[in-house]
Each structure stands twice: as structure tokens, then as C-alpha cells.
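Reader: I would like to go through the fold of one chain and then its contact with a second chain. Please show me the model.

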There are 2 protein chains.
Amino acid sequence: MRILVTGGAGFIGSHLCDRLLERGHKVWCIDNLRLGRRRNIVHLETHPDFWFGEMDVLNDALLGNLFAEVGFEGVFHLAANSDIAAGITNGRLDLELNQLTTIAVLEAMQAHGVKRLFFASTSAVFGETDKILHEDSAPLQPISFYGASKLAAEAYISVFAHTLGINAVILRFPNVVGERATHGIIFDLLRKLKTNPSELQVLGDGKQSKPYLYVRDLIDAILIAWDKMSGPLNTYHAAGIGSTTVREIADIVVASAGSGNTRLVFTGGDRGWPGDVPTFSYDTSRLQSLGWRPERHSTDAVRYAVDRILTVGF
Amino acid sequence: MRILVTGGAGFIGSHLCDRLLERGHKVWCIDNLRLGRRRNIVHLETHPDFWFGEMDVLNDALLGNLFAEVGFEGVFHLAANSDIAAGITNGRLDLELNQLTTIAVLEAMQAHGVKRLFFASTSAVFGETDKILHEDSAPLQPISFYGASKLAAEAYISVFAHTLGINAVILRFPNVVGERATHGIIFDLLRKLKTNPSELQVLGDGKQSKPYLYVRDLIDAILIAWDKMSGPLNTYHAAGIGSTTVREIADIVVASAGSGNTRLVFTGGDRGWPGDVPTFSYDTSRLQSLGWRPERHSTDAVRYAVDRILTVGF
């Protein structure tokens, strides 16, 4: 199958390219390298079925040419501003990079008769709630521009799916960890620790608690949802089993990469930044009914990700 | 109170301006007159507490100047592409007129310290479902760009409410009828009948069934929700009691304005246009718990609206 991966040089995108190639697909990877990094895909650049283009999804002309040239059979749209904290200071950033890129992809698909879309969404569409969230939970009241722009993108996908003939999978990602991460808590903590091994600043009070998923388990979820796509719109939640607090993550990072007597300093407050959802939990039974099981529990995923990053680099 | 009404020369906006002035507020009405009409507000133009400006909400500079000059204490954001059928042919129209105008208003409010927002949303955020819809129903899977853009606007309001200190009412309108309508089924049928009194073309099979609300009852709902706003985000559903089919509306229009032997011709299919939701029903108990009661049942509202339009003109 001829597949387009947008944001394919990013953390999750690059792992997805690996797996799609392993499956024998032909992969066109585009990335504007804003968050994505060439070194995440450098090992693929000699692969005969891999093509990389440094381009922006919002460049209509380039995107249209690519669609016209290749004749894609499916699109995995992962290009996004995945750095939630950065988005809160500039509401237009997430609007453009998360929602408008999605509309651009949908319009190109419609113009060129491409019928299958995968979309990377997020738990942040729900905002702050203590419910266990299944796919049809409500209300959806995002508290970050990241969450709002992803919810808006979902709404546009719904229209193209229900009214304009595109079939789509929306997978609402949890916190994902692993090597090649370009941001996120493990990335931040390891970077800080490198600068100052004796003291580690941790955002919030350390009690924020979320389910973490190792990237390979997420790619399994993406592929199983893709394979079993049926009907116009297919929404799923993926998460590791259990959850992990920020303090536990900090302890794991310090145990693996600290100085032996690293002191944790918490900035305080119940969240890392305005718009951070301090805790959520997912009901993933819909995805599990397709046969998906995460290999690692949340805290194991964090521990494994730290090991991998320290072994192979970011 | 110094109040801004965007889309104030439109159907609902102009009725709202009337009522806000009756209550003793000072009203600034802006409208780009794309769908709004000067004659909807011409009777207010000599009112000492009324100011009208022909301007576009998307003109940042003009909007910023107005906010800086007046020092608004509240904003009713009704400017929108309310013509759903028109939106389906051009996905960017609703994006701009419904979502981006809302973001522009929110940003101006934040920049100028305005804390209270009313937003006109819609049942179309839900898409097609046979559930009785309460405010926290899900899933939200719009099938029109109109519905998607309004859901996207709601998502952005949620962020400004929960994270940036604005208090908001979101009222999801049903189908609203009355004099000064600029589009909609009664408007369409009466216009067609004027051209050809002997035959009336009706979109769909006539079985589409929705709750209709007379505009005065809607304005009551807007004002009671506004008065009782508490906490960051307050979402309500408003609808008349019962519902009315398209065939019933056509019969009422023909009985009032037909030739005596007008023939109905149905275009067929279960909906008026792609993206039309053929039937929905609302649970309005949350709004009723504030003390709101519609004066007219759905079919009475349609009948009264036809009478009013034939008496006072569109």
C-alpha cells in the first residue's frame, strides 16, 4: 500500500514509519522538522520503499502535487504541535498545526480520492475530569489549546467521514514514552539532570498521575485499529495499564541517571503548567476488543523508556 | 451594562438587541451585513443607547479599537454563517465565520479584560443520533461543517473559560423561527410560493422532524442563562416542546399563503441537503431548572412565525 505519514520524522511518526516498512508498505514521510528530527529517520533513508520530504502540510501546492504524483492509498496524519505546554502561550499555534493541517489533509484526500485516514488525537480533548473515560464520554471541555485544536480536528474528520465518504480512525493517545521523544516529561527531566546532576526541578507537586504507554505498544494499537477500520468513523482510546505519578517518574529518572544524591525540587501546585490535566484514566476496552494488549504496564513503560533513551539516545 | 452584540443585525441578533435595550443596557451592535440586514435594526438607530457599526469580527484592528474605546462588560457572540446548507459546499466558510470569529472575540475579550460571553451554538454539534440529547450527551460527531465549526468554537471557549478566566454561556439553539429570519425553511417556502403559488417544492421527503422555537422564547432562554451564569462554563439546550415535520410546516405555509390549490412536490430522500440532520430531540431540563418555559409548542411556534412574517414581512 502507498502510505503517507505526516509528521513522520517525529517521535511516534518515525516509529510508525519503521513498522509500516516492516509490513511491506511503501512509505512517504513528510515533516517540516519543526519538532521532528532528521536523525529519527536517517536509518530509513536508504530503504528502497521509503521517501522523505521536508515540507509543511500547510503548503497547499506542495501537498497537492505530492497527492497527485503518488496516488496514496492511505494517510496517517501525525503532524502536530505535540508540545502542549508551548501551545498555551499562543492559541494560534495549535490551531494551525493541529486543526488546519488536519483540514488540509482531509481536503487533499477528498480532492484525490484517498479514502483511509488515521488521526492521532489525545486525552486532552476531555479536559479535567475524574471519570474513567471511554470513547463516548462527555462533556468534552478541553482546558488547553492543544486539546481544543485536536477536538476541532476530530469534528472536521467526523464531517468528512459521515458526509464526504472518507473512512477514519481516531486514536486518542495517552502519554507516550520511548526513544526518539522530542519533548515530554522524561525528555525534560533527563535534559535538566544533564545540566545539573545534583538537583532536579520537577513541575507541579509530583502527584499528577497519568497512564503512560511505551511507543511500541502504541504503534501496535495504531496498526490494529487501522487494520480493523470499518465504517466511516472509528474512535479508540489507548493507554498502558495503571498509571504513574510524576514523582515516580522523577525517582526512576534519578535512579537511572542521577548523581547518587540528586535532590528533587518540586515547583508546587497541582499541575505542570496552565492547561495541564493533572490526572486522567482511560477505559480501553473498545480497543482491547480488537485484540490489542499493551505489553507493559504504565510504570514499566516509563522505566523501559528511560533505559532505552539512556542506551540509544533521545 | 455596556454590551457588544456581534451579528446584531441578523435574525436572532436583532431581536436580542431589542430586548437588551428594553432592559436598559447600552448596546453596540456590529454586523458585516453578509446575512444580517440593516432593516432588522433600522427602528433602533435613533435609540440613544444603541450604536451600529458595519464591520467584520475578523478585522482585528477594528475589533480591537472598538474594545479599547468602549470598555465592554459583556459580549453576545451571534455572528456566524447560520446558513447550514450553504456551508457544506465550502468547508472554509464555516471555519472562518463560526470558529475564527469566536476565537477573535475571545482574544479581544482577554486582551481587554472582558469577562462575560454568550455564545450561540447549535444542535448540529451532535450530528445524527436518535438519542434525546442533554448537554453532556455524546458522541459529538457533526455531519456538517456548520456543526463542526460550532463544536470547534465551543472547544476554544472551554479553554478560555477553564484556563484563562472568562465566564461563558453556550446555548445550543434548536431551529428558531420568527420574523426577520434571513434563511431557513419558512423563509425558503414562502419565497418559493411567491414565485410560483401553484406548486411548492419541498426538500427531502417531508418526514424530517425537529423542535422549532419561536424567537421570543429563544431570547428569554438567552437572557435567563446570561443572568444565571455561574462558574466558567455553562452549557444549555433550548427547544420548543414537541417537534414538527417538514410536511406539517409546508401545510401551514400553504394554508396561510398558498393559492388555494397549491401542490406540494417533495424532492425525496430523508434529508434536505448533505449534512442536514433529519431529526433530533433535546432534553431541556437544565434550562428549565433555571425557570425557563417556552410559551409556544413547536408547531404553534411555526404557525405563529408564519403569521408574523405575513403580517410584518421578513
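Author: Two strands count as paired if DSSP finds at least two bridges between them. This is a predicted model.

Reader: In what order do the strands of the sheet in chain A stand?

Author: The sheet is open and has 7 strands, with parallel pairing. From one strand to the next, the twist averages 15 degrees. The order in chain A is β3-β2-β1-β4-β5-β7-β12.

Reader: Which strands of chain A stand at the edges?

Author: An edge strand has a single partner strand, so one side of it is left without a neighbour in the sheet. In chain A this applies to β3 (50-54) and β12 (233-237).

Reader: Which residue stands opposite His77(A)?

Author: Strand β4 (residues 74-77) of chain A runs parallel to β5 (residues 116-122) of chain A, and 3 bridges join them. The residue opposite His77(A) lies in β5(A) and is Phe119(A).

Reader: What angle does helix α5 of chain A make with β5(A)?

Author: Helix α5 (residues 145-164) of chain A packs on the sheet. The helix touches β5, β7 (167-173) and β12 of chain A. Its direction makes with that of β5(A) an angle of about 155 degrees.

Reader: Which element gives the largest share of the side of chain A that touches chain B?

Author: On this side, 25 residues of chain A are in contact with 25 residues of chain B. They divide into 15 nonpolar, 9 polar and 1 charged. The elements of chain A that give two or more residues are α4 (91-112) and α5. The largest share, 10 residues, comes from α5(A).

Conventions
Residues numbered from 1 in each chain as written. Chains lettered and ligands numbered in written order. Predicted model: local features only at pLDDT ≥ 70, side-chain atom pairs only at ≥ 80, totals over all residues. Helix = DSSP H or I, 4+ residues; strand = E, 2+ residues; numbered from the N terminus. Axes fitted to C-alpha atoms, helices over the stretch in contact; angles between N-to-C directions. Contact = placed C-beta atoms within 7 Å. Nonpolar A, V, L, I, M, F, W, Y, C, P; charged D, E, K, R; others polar.
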